[in-house]
Amino acid sequence: MAIQRKANVHILDGNQAAAIAAMMSRVQVIAAYPITPQTPLTEQLSRYVEQGELQAEYVAVESEHSAMAVCTSASLVGARTFTATSSHGLAYMHEMLHWAAGARLPIVLACVNRAIGAPWNVLNDQQDSISQRDTGWIQIYCRNNQEIMDTIIQAYRIAEQVFVPVMVCYDGYILSHTEMPVDVPIQEEVDRYLPSYQPHTVLDPANPKNYNLVTLANPRVGVDGKLCHGYMELRYLLQEALQNSKEVIVKSGKEFNQLFGRDYANVFWEDRNEDAEITIVAMGSLAMEAIVAADMLREQGIKVGVLGLRVFRPFPKSEVVQALRKSKLIVVFDKNISYGSEGATCSEIKSALYGTYINAAIRNFIVGLGGRDIKARELVEATKKAIASLKETVVNPDYPEWICEI
Amino acid sequence: MKANAVNLIEQEWILPGNRTCPGCALSLAYRHTLKALEGQCIVTVPASCATVLHGMYPITAVNVPCVNTPFASTGASATGLVAGLKALGKKGITVLAFAGDGGTHDIGIQSLSGAAERQMDFIYICYDNEGYMNTGNQRSGSTPLGAVSGTTPILGKQQYQKDITAIMEAHGIPYVATCSASYPLDLYEKVKKARTIEGTRFLHVHTPCPPGWLFPFSDTIKFGEMAVETGLVVLYEIENGIFRLTSHSESMALRGGNLQPVREYFISQGRFKTITEEQIDELQDWVNARWKHCLHRATNL
Ligand SMILES: Cc1ncc(C[n+]2csc(CCOP(=O)(O)OP(=O)(O)O)c2C)c(N)n1
Ligand code: SF4
Ligand SMILES: [Mg+2]
């Protein structure tokens, strides 16, 4: 039962929503380095700390690699940590992203999605976070600023239960710099939702432990005669944690609904999928555009539904299969490209469907790279093109099509 | 009371049977560092021979809490430990970064410089074995002129060592000191002093390495002493900008300031097998000039 609560609506851009969410999550150590379009977020957090509104250590590090190293080490003495970055900053963190996940530290990172060089481009696509897909982080994508606020708060609840760091991704400029109404929770509610961080390991001279030691592939016997994990077991446990995290993500979303009246008991958003013959798949703010496109297509008598991916890691395979069971055509829009192959979400959808009874045709379109405008109109045209292509063949093409409208 | 072999704290925080080579000076330096901190520290260690010393999961040779961190990140990791402890209101624990010369002079200089500029409250010890020993001895920014290594295999290194203590002093940090593993009590005193100071404290420790430098395992202490006696290593501390010679360098200065010639030091190590007489002369001139500068700068003579 959702409780009745008074709305507390503010007009916020995505970065402001993220900053408020981090503050309300009572983060204790923040380490970040400015990069467009994340910069206003990190400035806002340092302002909260200097004003004394947020009791936290704000570390103005000299690089993103260091930002994540500060977070990993602060987390290991028991502090709740937050960082945010975009694009080159996330790429620069790459090594440390592996360490954060490998050490099972529940760090939350806001990734303000931006294109990556060369050449320079500060506008939005999702190549940055998709490139970090295999670092062992949970990745959740937001469609609007309310979701940014809510997802960051949920991210701590998720991360601190499964001991996997969470990357909350939202589109640069489209969300980060665009104001929208956001219902801001009150601190007591967030406190009720988010218990304090209980670390799995605390570095303390009173109980010395040596963390991240060289670890052999095979299990090894300790001085007490106990057999301890090898590297391979530790990697399996991370995979297992991500597999199991789906349940925690859904549960945390449900619990969020109970307190705040907004439901996140889902791993993706669906719109009119029940009777859809064609499903558009998109991730992030593009999913909102896809809903508009579905409206337009339905007006023309085409039964279109939308699947807006929210949780990209762990990838919700069985749920996706269930959602797509009636689709005859799946049109996947990707704001990223795995060069030489196809869009990352398209590959995921294909792999989820393999071996099921669903035999839908799949068409993949690469859109919106480097901030290239992509509107509902283009999604409609692409969907129609995909429908027309079925007359020629239902076989899925090897490579995606690119939409480069001007 | 100054530390001596008799009154030195008996408790050990590095257990016997660690994985360093016989005659390894880094383990000697680390041992006295942890004694000076009485184990009341949290250590961060990047990829290096110190990682090897720390052991293999689930067995460690070290009895202090430690996080192993990526090669470039030591200064930032120490920052994170400090920030975390501060955020949680935990007091009385010294954060110690313990890194090699590669992890300090080269790949780690960015995170160290950033942390020192922010005046983060930790002790950073660079143990200097003058090369990337963990990966089998390649040149580093601290490999001396003329030394052969895996990546200076035929000609020997053509450049001088990077002056890391000058770089760190330029950050305006409250305490900078040089040490040698061959003078462990001097090291011990310096770490003890550093422990009482707030801000970034930087210690550079000369740690001879038998397999990397190609000298017999039994001669570690001898080569460390020779380096000091020749002036290749000068033992000093700079506390709030005030420069003092210490330990053996101080007594040498007080006894007339004569240095042993550097030649013997070079020709008795395998790594200098291709060093030329001109290079030795060049190095001798460099040592003389620096020693003069130190004598001039010292406030305690
Ligand atoms: C990013 C990265 N690059 C390279 C390495 C490989 N590596 C591990 S230790 C090391 C050399 C360490 O040298 P130093 O810091 O002087 O410590 P020492 O081994 O000499 O004690 C290198 C190159 C690494 N671990 N990480
Ligand atoms: S290679 Fe040198 S520094 Fe490394 S453990 Fe052996 S003696 Fe020590
Ligand atoms: Mg070295």
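Let's start at a loop. A:Phe163 lies in the loop between α7 (145-162) and β7 (166-171) of chain A. Helices here are DSSP runs of H or I with at least four residues, strands are runs of E with at least two, and both are numbered from the N terminus. A:Phe163 is not a glycine, yet its phi is positive, about 55 degrees.

Some ground rules. This is a predicted model, where local features need pLDDT of at least 70 and side-chain atom pairs count only at pLDDT 80 or more, while totals for chains, interfaces and linings use all residues. Residues are numbered from 1 along each chain as its sequence is written, chains are lettered from A and ligands numbered from 1 in the order in which they are written, and side-chain values use heavy atoms, with hydrogens and water left out.

Back to chain A, for the cis peptides. One joins A:Ala118 and A:Pro119, with omega about -5 degrees. A:Pro119 sits in the loop between β5 (108-113) and α6 (127-130) of chain A. Another cis bond runs from A:Arg313 to A:Pro314, with omega near 0 degrees. A:Pro314 is in the loop between β15 (311-313) and α11 (317-323) of chain A.

Next, a sheet. Six strands of chain A form an open sheet, ordered β12-β14-β13-β16-β17-β18, with mixed pairing. Its edge strands are β12 (268-271) and β18 (401-402) of chain A, each pairing on one side only. Strands count as paired if DSSP finds at least two bridges between them. β12(A) and β14 (residues 304-309) of chain A pair antiparallel over four bridges. In that pairing, A:Phe268 has A:Leu309 in β14(A) as its bridge partner.

Now the interface. How many residues does each chain bring to the contact? Chain A gives 41 residues and chain B gives 41 residues, with contact meaning heavy atoms within 4.5 Å. The two chains bury about 3300 Å² between them, 66% of it on carbon and sulfur atoms. That area is the accessible area (1.4 Å probe) lost on putting the two parts together, summed over both.

Polar terms next. The rule finds 14 residue pairs in polar contact across the interface of chain A and chain B, both residues at pLDDT 80 or more. A polar contact is a pair of N or O atoms within 3.5 Å; within protein, one must be able to donate a hydrogen and the other to accept it, and residues adjacent in sequence count only if both atoms are side-chain atoms. On the side of chain A that touches chain B, α3(A) gives the most, with seven residues. There are two salt bridges between the chains, each a side-chain nitrogen of Lys or Arg within 4 Å of a carboxyl oxygen of Asp or Glu. A:Glu57 and B:Lys86 meet in a salt bridge at 3.7 Å, N to O.

Look at A:Glu62, in the loop between β3 and α3 of chain A. The A:Glu62 side chain makes a polar contact of 2.4 Å with that of A:Ser66. Another, of 3.1 Å, joins the side chains of A:Glu62 and B:Arg118.

Strands cross over too. β9(A) joins β4 (residues 66-69) of chain B through two bridges, running parallel. A:Asn210 stands opposite B:Cys66.

Last, the metal. Which residues coordinate the magnesium ion (ligand 3)? B:Asp101 (OD), B:Asn129 (OD1) and B:Gly131 (O), at 1.9 to 2.1 Å. Donors are N, O and S atoms within 2.8 Å of the metal (3.2 Å for Na, K and Ca); water is not among the atoms, so sites may look incomplete. The donor spacing along the chain is D-x27-N-x1-G.
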